[in-house]
Amino acid sequence: MNMPFTIAFVRVDFDEMLIDELNQVVNDIDKYLKNVEEKFSPFLPDSLVSRHTDLGEELQDTFFDLEYQEVYSRSIIAKKETQGLFDPFYDGKYNPTGFVKGWAIENAFMKYIKPLIDNNIIEAGAINGAGDIQVGTRLDSDFSWEIGIENPENKEKIIAKYSIKNGAVATSGLSKKGQHIKSDNDINYVQVTVVGTYLSDVDVLATAGVVSDEKIWSEIVESKLLTGILLTKKGIKRVFEEGKIMDVERT
């Protein structure tokens with residue numbers, strides 16, 4: 001996929017044999033993500049997405065593989081659950097880019113990192129793609145991931161920090177993903193971060209949050225008991241925790 005990815009492994013010590021094994025895991029993840037790019041990139045003429053744009057919203061089950069069917073169905077569900085704020089057909093052609101990145105990172109984590117944790121090969125692991133991250137930690141470990149949320153107006157400062165052992169954090173904003181965020185609504189939020197269990201879910205919600213108005217976003221936060229933080233164009237820092245929303249300060 002056309003963005004940098006960071007893969008992290010945590011344990012007390014690493015011998016040469018384990019390092020070789022983990023390097024192979026990194027290579028496998030890289031191959032998997034390249035395969036996802038080949039299937040889902042709207043910029044590759046032979047990708048399934050590019051071929052799907054000629055079919056409209058009708059999915060021909062016999063034509064697409066299981067991963068493609070999953071992404072298609074979940075992106076349509078995401079449109080309904082976000083009241084149309086996330087729309088894979090926004091430009092009239094099918095483009096699930098806003099869903100695929102988080103889904104691909106989560107899938108790579110579950111396929112390649114989580115088994116290492118579950119089998120006590122590593123203590124913790126993570127995959128980070130352009131600031132969106134899926135992390136995991138062994139249940140008997142005291143290790144936690146400390147995830148800072150960047151201030152979009154001052155890259156050297158953070159506006160929040162989350163300490164989690166297992167889960168995902170996604171941040172969407174005009175400075176990070178402006179090319180992917182399109183809406184007929186007036187955009188009032190500069191950046192939205194959502195914390196949850198699965199990156200495929202929170203990445204969609206963070207993107208939807210950026211293009212949402214205050215009323216609809218409040219409904220989504222309250223109904224889904226979301227946790228995270230956002231910045232408004234007026235400089236207000238707004239925190240939401242398990243569905244409860246509060247303004248904290250101006251940046």
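A: **A kinked helix**

Helix α4 has a kink of about 40°, centred on Met110. Keep in mind that this model is predicted. The helix covers residues 97–118, which is 22 residues. From the first C-alpha of α4 to the last, the reach is 30 Å. At 1.5 Å a residue, 32 Å is expected, and the two values are close. Just after α4 comes Asn120, with a positive phi of about 60°.

Now turn to α6, residues 199–211. This helix has 13 residues, and its end C-alpha atoms lie 19 Å apart. The span should be 18 Å at 1.5 Å a residue, so the two values agree.

How many residues of α6 are buried? The count is 12 of the 13, so α6 is largely enclosed by the rest of the structure. Buried here means under 20% relative accessible area. Among the buried residues are Leu199, Val202, Val204, Leu205, Val210 and Val211. Ser200, Asp203 and Thr207 are buried too. So is Gly209, along with Ala206 and Ala208.

Next, the whole chain. Seven helices and 10 strands make it up. Of its 251 residues, 46% are buried. The accessible surface is about 13,100 Å², and carbon and sulfur atoms hold 48% of that. Contacts tell of the fold as well. Take those with a separation of 6 or more: 54% of them join residues 24 or more positions apart.

Terms used:
Residues numbered from 1 in each chain as written. Predicted model: local features only at pLDDT ≥ 70, side-chain atom pairs only at ≥ 80, totals over all residues. Heavy atoms only, no water. Helix = DSSP H or I, 4+ residues; strand = E, 2+ residues; numbered from the N terminus. Expected span 1.5 Å × (residues − 1). Bend = angle between axes of the 7 residues up to and from the residue. Buried < 20%, exposed > 50% of the residue type's maximum accessible area, 1.4 Å probe, protein only. Contact = heavy atoms within 4.5 Å. Areas by Shrake-Rupley, 256 points an atom, 1.4 Å probe, with all protein chains shown as cover.
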